[in-house]
Amino acid sequence: MHLPLEHPMLSTIVDDLATRGWSQQTLFIPDALSRELAHECRQRHAQGALNPAGVGRGAEQEVREAIRGDQIQWIDPGESEPCDRYLHAMDSLRQAINQGLFLGLEDFECHFALYPPGAFYRRHLDRFRDDDRRTVSAVLYLNESWQPTDGGQLRMFLEGDVQRDVEPLAGTLVVFLSGDVPHEVLPAGRERLSLTGWFRRRGNDPF
Ligand code: OGA
Ligand code: MN
């Protein structure tokens with residue numbers, strides 16, 4: 001899927017990021033693509049390709065289900081047509097953000113995530129203490145006919161003690177500044193699928 005740089009949804013996201021640090025779009029991708037991505041996520045899970053997600057970075061990474069209980073698999077370009085279409089759309093968004101906000105985003109890293117029933121992710125920030133390259137977080141949800149009673153909302157903690165809950169409904173994309181918006185995933189009553197990713201800028205590491 002190619003989203004032209006002047007696509008109105010892209011400029012809305014850029015404006016939202018500039019004015020309040022987060023954005024929510026309900027029909028970012030067509031239903032058909034969302035279904036294909038959900039199918040692929042389930043298939044990868046059935047093949048045993050998803051692994052318990054870790055907390056922390058590099059050698060300090062460890063699995064801690066009391067903090068996060070999702071299972072993930074990183075995706076790379078060229079693995080499947082649906083994933084490539086999504087990565088293309090996100091590259092258009094990356095360029096639009098760079099044009100509008102001069103953030104110098106260089107790449108996008110992204111993984112499938114599956115939360116089994118009961119899993120959650122406690123309140124956290126996406127930027128690591130020892131690596132500040134993650135600049136903008138983007139989560140695409142893949143769950144058809146999700147009901148508020150299914151739980152699993154993304155809860156963002158915004159300025160002024162405001163909380164914003166987002167239902168993880170298929171086609172919804174949430175974008176926020178990785179270093180500014182603490183958030184959590186509430187326990188889900190049923191399997192919860194998403195594609196979670198980060199736009200990164202160049203690190204300060206001189207090597
Ligand atoms: C994450 C995360 C949010 C969500 O993976 O870091 O916060 O709604 N995910 O899945
Ligand atoms: Mn997060």
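1. Along the chain, the donors of the manganese ion (ligand 2) follow the spacing H-x1-D-x56-H, where donors are N, O and S atoms within 2.8 Å of the metal (3.2 Å for Na, K and Ca), and water is not among the atoms, so sites may look incomplete. The protein donors are His124 (NE2), Asp126 (OD) and His183 (NE2), lying 2.1 Å from the manganese ion. Asp126, in the loop between strand 5 and strand 6, and His183, in strand 10, are 57 residues apart and link distant parts of the chain; strands are DSSP runs (E, at least two residues), numbered from the N terminus.

2. This is a predicted model, in which local features need pLDDT of at least 70 and side-chain atom pairs count only at pLDDT 80 or more, while totals for chains, interfaces and linings use all residues. Residues are numbered from 1 along each chain as its sequence is written, and side-chain values use heavy atoms, with hydrogens and water left out.

3. Ligand 1 is surrounded by residues that include Arg68, Tyr121, His124, Asp126, Tyr141, His183, Arg192 and Trp198, a residue being counted if one of its heavy atoms lies within 4 Å. The shell around ligand 1 divides into six nonpolar, three polar and three charged residues, with Tyr and Trp among the types counted as nonpolar, and Asp, Glu, Lys and Arg as charged.

4. Oxygen atoms of ligand 1 lie 2.5 Å from a polar side-chain atom of Tyr141, 2.8 Å from one of Arg192 and 3.2 Å from an N or O atom in the side chain of Asp126. Taken alone, ligand 1 exposes 290 Å², and the protein buries 99% of that, by the Shrake-Rupley method with a 1.4 Å probe.

5. Strand 11 (192-201) is among the elements that give two or more residues to the shell around ligand 1, and with three residues strand 11 gives the most.

Terms used: Chains are lettered from A and ligands numbered from 1 in the order in which they are written. A polar contact is a pair of N or O atoms within 3.5 Å; within protein, one must be able to donate a hydrogen and the other to accept it, and residues adjacent in sequence count only if both atoms are side-chain atoms. Helices (H or I, at least four residues) and strands (E, at least two) are DSSP runs, numbered from the N terminus.
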